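This report walks a new reader through one protein model, from local surroundings to the chain as a whole. Please keep the sequence and the structure in view while reading.

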Amino acid sequence: MDYLSEYDCTDPLSIEAYSQRLIGKSFREIWDEEDTRWTNLARETTMYGVSDVSEAKRNKGNLGQIIEEKFFHYKRNNDPRADFHEAGVELKVTPYKINKNGTLSAKERLILTMIDYFQVVNEEFEESHLWNKSRLILLVYYLYKKEIQYNLDYRIGYSKLFTPPEQDVKIIRHDYYIIVSKIQAGKAHELSEGDTLYLGAAPKASTSRDRRKQPFSAESAKPRAFAFKSSYMTYVLNNYIVPGKATYEPIISEESVDSFEDYVVEKIERYRGCSVPDLCMEFGIEYTKPPKNLEAILAYRILGIKGNHAEEFEKAGVVVKTIRIGKNNKIKESMSFPTFRFKELVQEEWEDSTFGNYLREKRFMFIVYKFDEDNVLRLRGCQFWNIPFGDLETEVKSVWERTKKVLQDGLQVIEVNGIRRNNFPKASENPVCHVRPHALNAMDTYELPDGRLYPKQCFWLNNTYIYNQINDDIKLG
């Protein structure tokens with residue numbers, strides 16, 4: 001029987017229609033259905049490069065291989081073209097999860113293709129290997145569940161063609177050139193997913209020591225791949241793949257914009273110097289009973305967003321932070337981040353630490369307000385920011401490593417005048433960040449490695465550091 005006759009490999013819609021048979025099946029069922037064609041299981045498993053179930057569990061990539069070879073019946077190869085090149089369709093198999101509140105999210109970023117540092121600097125976006133692999137994708141989403149022991153038992157929930165919409169393509173193209181320009185500047189070793197919005201340069205190495213040569217610097221760089229960020233894949237799942245899901249409001253609706261960030265900054269800039277009471281009046285917000293996060297809400301209203309979620313921010317995973325500068329040109333509050341679990345942190349290595357990855361991957365939008373001489377809070381502007389490579393890999397790394405050592409050695413706690421003090425890194429000891437409590441009260445705790453309970457802590461970026469990161473034309477101009 002010619003299995004390829006079950007679908008037309010030159011027709012994207014035929015490929016998509018055939019893929020609907022995957023929905024509801026586990027990878028094991030797909031495997032077993034194909035086994036009827038084989039009487040010798042040893043031949044079967046050898047052919048597909050999987051010696052047994054436990055090997056399949058260790059090699060996540062084999063899930064895609066199973067779909068390719070056992071469902072679509074074509075042999076995996078190293079052809080640089082799209083998987084179904086006659087139809088221009090790339091196949092991607094990727095996990096999603098159901099959160100505790102019932103919402104769906106992508107479990108991870110979607111790897112598109114490895115970055116060849118020497119080749120990519122000579123490629124225009126439209127002719128690039130990346131665009132060839134991402135212009136039309138058959139997305140096969142399978143449901144990840146922590147309690148499932150073997151990857152073969154994951155079930156496929158969705159299978160649908162996806163092509164990035166026009167405005168997304170503009171942002172993806174802009175992201176592409178940000179990555180390429182950094183490589184052209186001899187800074188491939190400083191690439192970070194926080195540099196960009198939808199498309200990231202994701203680490204892709206067997207070990208943390210793996211390095212590759214780059215064209216314009218003698219310093220070697222980590223192997224990286226072009227990838228759609230997990231935040232973008234979550235948005236794709238909920239708004240393009242799952243039927244009937246409502247979308248968030250877009251900042252850009254009809255007009256064509258080449259640089260999304262420039263567009264946002266310019267819109268906010270139009271209200272520069274306006275007081276918070278005047279902005280509340282402009283956008284119909286009761287100033288005498290202000291909502292929580294008033295300053296952020298005002299920025300959303302300026303951008304035309306009625307709620308507090310913008311489509312582009314959700315896709316990019318942009319973290320919106322409001323900053324108040326006093327009339328003395330100082331920021332009172334440091335910037336907090338999610339709490340960390342003590343027992344989990346001591347099991348991590350810096351290269352793949354939760355906090356390190358958070359800062360590597362996130363892009364922030366600072367919305368800056370400043371008190372004038374009459375103590376009236378006024379909008380100063382906004383800027384997009386991600387932590388500089390040098391600050392992350394020196395000062396932040398130092399604080400993280402010291403925090404880990406404090407936990408490994410046993411947290412020291414003493415009481416001075418009724419106040420408990422510990423030996424976590426202090427703001428006075430590092431120019432960039434520190435550790436301090438981020439708990440509701442003394443009873444809001446996590447367990448230390450030695451079994452004691454201690455109030456939740458988090459990493460904070462120092463207020464003085466944040467002030468220095470703000471553009472001078474915003475804070476001083």
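Contact, in what follows, means that heavy atoms lie within 4.5 Å. Asp444, when residues up to four places away in sequence are not counted, touches Ala439, Tyr454, Pro455 and Lys456. The model is predicted, so that local features need pLDDT of at least 70 and side-chain atom pairs count only at pLDDT 80 or more, while totals for chains, interfaces and linings use all residues. Residues are numbered from 1 along each chain as its sequence is written, and side-chain values use heavy atoms, with hydrogens and water left out.

**Two residues and their surroundings**

Helices (H or I, at least four residues) and strands (E, at least two) are DSSP runs, numbered from the N terminus. Asp444 is found in the loop that lies between strand S16 (433-437) and strand S17 (445-447). Buried means under 20% relative accessible area, exposed means over 50%, and partly exposed is in between, with a 1.4 Å probe and protein chains only; Asp444, at 15% relative accessibility, therefore counts as buried. A polar contact is a pair of N or O atoms within 3.5 Å, where within protein one must be able to donate a hydrogen and the other to accept it, and residues adjacent in sequence count only if both atoms are side-chain atoms. Such a contact, at 2.9 Å, links the side chain of Asp444 to the side chain of Lys456.

Ala221 lies in strand S8 (residues 217-221) and, because its relative accessibility is 0%, counts as buried. Leaving out residues up to four places away in sequence, Ala221 touches Tyr117, Ala188, His189, Asp210, Arg211, Arg212 and Gln214. The C-alpha atoms of Ala221 and Arg209, which are 12 residues apart along the chain, are separated by 9.9 Å.

**Strands and their partners**

Two strands pair if DSSP finds at least two bridges between them.

| Pair | Sense | Bridges |
|---|---|---|
| S1 (residues 90-98) and S4 | parallel | seven bridges |
| S4 and S5 (residues 155-162) | antiparallel | seven bridges |
| S11 and S19 (residues 457-461) | antiparallel | four bridges |
| S14 (residues 413-416) and S15 (residues 419-422) | antiparallel | four bridges |

Strand S4 (residues 137-143) is mostly covered, with seven of its seven residues buried. Ile137, Leu139, Tyr141 and Leu143 point one way from S4, whereas Leu138, Val140 and Tyr142 point the other way. Tyr142 in S4 stands opposite Pro95, and Val140 stands opposite Ser159 in S5.

In the hairpin of S14 and S15, which has two residues between the strands, Asn417 takes a positive phi near 50°; the bridge partner of Ile414 in S15 is Arg421.

An open sheet is formed by three strands in the order S11-S19-S16, with antiparallel pairing. Its edge strands, each pairing on one side only, are strand S11 (335-340) and S16. Within this sheet, Thr339 stands opposite Cys458 in S19. Helix H16 (residues 389-409) packs on the sheet, touching S11, S16 and S19, and its direction makes about 40° with that of S16; for such angles, axes are lines fitted to C-alpha atoms, for helices over the stretch in contact, and angles run from 0 to 180 degrees between N-to-C directions.

**Cores and the whole chain**

A nonpolar core is a set of buried Ala, Val, Leu, Ile, Met, Phe, Trp, Tyr and Cys residues joined through side-chain atoms within 4.5 Å. The largest one has 70 residues, and those with the most contacts inside it are Ile251 and Phe313. Helix H8 (residues 166-184) gives the most to this core, with seven residues. Apart from it lies another core, of 39 residues, including Trp350 and Tyr454. Beyond its neighbours within four places in sequence, Phe313 is in contact with Ile251, Phe260, Tyr300, Leu303, Val318, Val320, Met365 and Phe384.

Helix H9 (residues 230-241) is also mostly covered, as 10 of its 12 residues are buried.

The secondary structure of the protein chain comes to 18 helices and 19 strands. Its radius of gyration, taken over C-alpha atoms, is 25 Å, close to the 23 Å that the globule rule gives for 477 residues, so the chain is as compact as a globular protein of that length; the rule is 2.2 Å times the number of residues to the power 0.38. Buried residues make up 49% of the 477 residues in the protein chain.
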